[in-house]
Amino acid sequence: MSAITEDGAAPGASREAARAGAPAARRTRWWVRLRRDRSLLIMTAPAVLLLAVFTYVPIAGNVSAFQSYDIYQGFRGSAWVGLTNFVNLFGDRIFWHAFENTLVISAVQLILYFPIPIVLALLLNSVLNSRVRSFVQAVVYLPHFFSWVLVVTIFQEMLGGAGVLNTILRRHGLGVWNVMTDPTTFKYLVTAQAVWKEAGWGIIVFLAALAAVDQSLYEAAAADGANRWRRLWHITLPGMRGVIVLMLVLRLGNALTVGFEQMLVQRQAVGRDASEVLDTFSYYYGVAANNFSYGAAAGLFKGVLSLILVLAANRLAHAFGEDGLYRR
Amino acid sequence: MPPEASPSLPHGLSRRGLLSAAAVAVGATVASPLLSACSGKKSGGPGTTSKSDVDRALPAYLANNSVNADVPSVTGVNGAISDPCFLSYPTSPVTTVSGLVGSGGSYTTMTPLWGAIPASSGNAYYATVNKAIGATLKLQPSDGNTYGDALPPVFAANKLPDWIMIPGWLNVQLNLGEAMTTQFADLTPYLAGDKAKQYPNLANVPPAAWAAGVWDGKLYGIPSYPSAAVFNGAYFYRKDLLDSAGVSVTGFKSADDLAGLGKELTNAKGGVWAFDDLFGQSAAYVSQLFQFPNHWGIDGSGKLIYKYETEGIVEALNWYVKLVKAGYVHPDAIANNNQNAKQRFWSGKVLIQVDGTGAWDGLDAQSGVAANPGYVRQALPLLSPDGAKPPTIELGNGAAMFSYLNKKLSAAQIKECLAIANYLAAPYGSAEWLKVNFGDEGVDYTMKDGNPVLNAQGNKEVATTFQFLACPPAATVPKNGFTQVAKDYAAWQGDAVKHAVKPLFFDMNIAEPSQYSAINKPVDDTIDDVRFGRKPISAFTDAVDTWRKQGGDALRTFYDGIRSKYGTGQ
């Protein structure tokens with residue numbers, strides 16, 4: 001257990017103690033703080049560098065959304081077209097359909113996926129045998145490291161028309177269940193794939209939160225005659241609330257990102273109508289059609305909406321008295 | 001080793017079919033990968049060239065027939081000529097290049113590779129070829145499947161290497177017509193007419209291959225895998241398994257003859273289906289069966305029509321959806337799991353498939369025999385929609401891929417690169433060919449039954465790299481000792497050339513207005529919806545109506561202009 005909690009640095013409860021000293025630190029001079037924190041700063045430097053190179057610098061590329069970007073002219077030589085790309089985008093039926101698909105799949109994932117790592121973490125936390133627990137953890141973490149191509153292939157081998165399940169059904173004359181090529185149930189299929197692949201990985205942060213709950217509270221409650229459910233309801237869940245809200249805020253900020261590769265790989269199996277999302281739209285109508293500006297406009301639209309979502313969710317978290325992304 | 005990694009690319013053109021299959025697998029092509037003819041940016045800028053101007057830019061043709069083919073080329077119709085087939089390598093290969101080749105220059109290159117990318121450092125194969133050409137070509141192959149995505153940043157960052165290969169099917173996506181004058185060296189002053197005679201191996205490349213490297217009246221591209229028998233694909237069957245099932249395809253004439261095998265060969269309970277995907281992305285393969293063009297064509301009244309507007313594609317959709325609904329098509333093919341199509345065929349889970357012609361060689365036979373000792377791949381006879389009309393097969397450009405030299409190179413450097421290209425283009429049967437394709441005997445290959453075969457080191461080091469920069473005319477040769485496969489392939493090609501038809505705008509580079517680059521995608525998506533039975537055929541006709549309004553009709557006007565000004569290339 002211990003190794004895992006250290007990996008998933010627990011936000012929320014465990015940070016409280018560390019933060020208590022913050023106001024005093026603010027008064028010390030910056031170079032004193034610099035020297036005191038230098039090892040921490042050095043440790044974060046690579047991450048900051050990666051973030052700068054691969055996240056912040058590319059943001060500047062959004063100017064192409066206002067250009068008619070031409071790979072042979074570059075950013076400097078391409079003509080400025082103002083809001084033309086956005087006007088075209090907002091008049092594009094296919095774009096709005098992709099937007100709708102994104103929201104629907106995201107909503108389904110929020111309802112069906114989000115609670116699962118929490119429940120898994122609670123279950124796992126109640127397993128006392130540490131060997132069993134480590135084994136289960138290792139097994140449920142593993143799919144996180146598979147690529148989407150592999151995950152979809154495994155699903156195809158299991159549930160596809162020529163897969164294990166349908167072969168058995170067919171041999172027993174029970175017909176076939178074409179879940180891999182059925183557009184109407186596609187949103188549940190992709191959610192199931194996401195659960196299989198990521199839910200195990202998602203429990204890390206919740207396990208960390210669970211480890212931070214004060215054990216003496218359980219002992220006191222047990223002494224007072226509280227049963228398992230009452231302890232879960234009055235101690236465990238309140239103890240995890242900060243983390244759950246934080247994860248929810250982050251999830252909402254990512255609501256418009258529902259998996260590019262996963263959709264790309266399965267697009268032809270269920271058709272565009274079921275599988276086109278904002279990211280694949282940007283790819284097919286921007287990158288693949290050599291219409292980078294159009295794709296950039298769609299991406300910028302998505303980015304701005306995501307920012308609004310995350311800020312709104314954060315405000316909601318504050319309204320409920322939680323930290324959210326940062327403390328007010 | 002995947003077939004693409006082969007050093008001795010067999011039937012050059014066939015490779016294009018292979019590649020188009022790869023493109024289908026990743027779903028990354030905007031339009032059909034076969035739309036290699038046109039490109040350009042803005043409203044029909046530079047690009048197109050009239051026939052007489054093309055002729056002025058072309059190198060003189062000096063055929064080299066020093067090695068006699070075991071199965072000679074068959075001259076078919078409409079300029080199609082099958083590749084010569086050689087069953088064993090000459091015991092004393094001739095030398096075609098004398099004296100110094102390069103003058104010690106060093107050049108960066110960029111080529112795609114479909115297969116495992118070999119290590120560059122300590123690569124004895126790279127080193128021995130570089131030594132032979134007297135210069136250093138720095139080889140850095142990129143993944144072929146994502147090559148189209150890797151190129152735009154290279155152009156945008158102005159990081160173009162000295163020598164680069166760009167497959168023709170990326171021309172539209174890259175607006176390559178715009179790049180020609182600004183990025184690449186004009187080779188006309190070095191190669192046009194008799195000037196090519198100082199590079200005899202380049203002069204041995206037929207004019208039809210060079211023609212597709214001409215943009216705006218000037219020669220830019222050096223052909224890779226030139227052939228006068230470029231066909232995008234063939235319908236294949238497992239001869240061994242059909243024989244044991246007592247099924248014969250002899251005398252097959254129509255698409256319905258093929259469909260008729262569905263019921264007989266499908267045994268879903270046993271995990272065997274008659275067909276894999278028979279359609280291709282954007283109908284690229286099925287157009288052969290139903291005889292509609294892969295791009296623009298002319299209807300009975302002389303009007304230009306796009307493939308979407310033909311009766312043939314509607315027939316094809318109706319024909320295919322019946323096979324899908326009847327359950328004769330492997331479910332993984334319906335789920336677009338195309339990267340495993342070859343494995344399904346090798347293991348006998350499907351008995352009939354369509355693939356690029358490059359799928360049919362000794363490397364395929366080796367993989368097939370590994371899965372199934374009796375494995376035999378054979379092509380079906382060419383078919384027509386009703387069996388009454390004679391079958392046809394569309395001829396591709398004289399070369400599907402071209403390499404280009406950077407405009408920044410000096411005249412002396414361009415001459416050095418062309419001398420190197422002349423070495424790389426040494427024909428089959430020469431000492432140079434052996435060096436370029438196999439490295440050194442005893443190091444990377446050994447001679448076995450009269451043919452070079454890569455050894456363990458060769459399998460790690462040798463990959464199709466230099467060949468993408470310059471190449472002799474394609475030849476059919478045995479690989480891994482499968483002589484019969486080479487003979488069968490040569491026989492099929494010898495028949496196919498007799499049915500070849502030239503598509504509209506054959507061998508012409510056309511700068512298509514770029515604002516219409518995305519209009520095909522919604523139609524192609526709808527084609528998938530209809531052929532897999534998710535939507536009725538009316539959805540397709542609706543999508544085509546929208547396509548016309550969004551730019552299809554405008555493109556027709558554009559191509560009408562090209563037709564009246566420059567002709568049809570046929």
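Residues are numbered from 1 along each chain as its sequence is written, while chains are lettered from A and ligands numbered from 1 in the order written. As the model is predicted, local features need pLDDT of at least 70 and side-chain atom pairs count only at pLDDT 80 or more, whereas totals for chains, interfaces and linings use all residues.

I start with chain A. An unreviewed UniProt entry gives "transmembrane region" at several spans of chain A, including 232–253 and 292–313; such annotations may be inferred rather than shown by experiment. Residues 232–253 of chain A are 100% helix, with end C-alpha atoms 29 Å apart. Residues 292–313 of chain A are also 100% helix, and there the distance is 31 Å. Helices here are DSSP runs of H or I with at least four residues, and strands are E runs of at least two.

Next, one helix pair. Helix 14 (residues 215–223) and helix 15 (residues 228–253) of chain A have axes that come within 10 Å and cross at roughly 145°; axes are lines fitted to C-alpha atoms over the stretch in contact, with angles from 0 to 180 degrees between N-to-C directions. Leu217(A), Tyr218(A) and Ala221(A) of helix 14 meet Arg231(A), His234(A) and Ile235(A) of helix 15, contact meaning C-beta atoms, placed from the backbone, within 7 Å.

Now chain B. Chain B has 23 helices and 19 strands. Its C-alpha trace spans about 65 × 55 × 40 Å along the principal axes. In chain B, of the contacts with a separation of 6 or more, 82% join residues 24 or more positions apart.

Notes: Contact = placed C-beta atoms within 7 Å.
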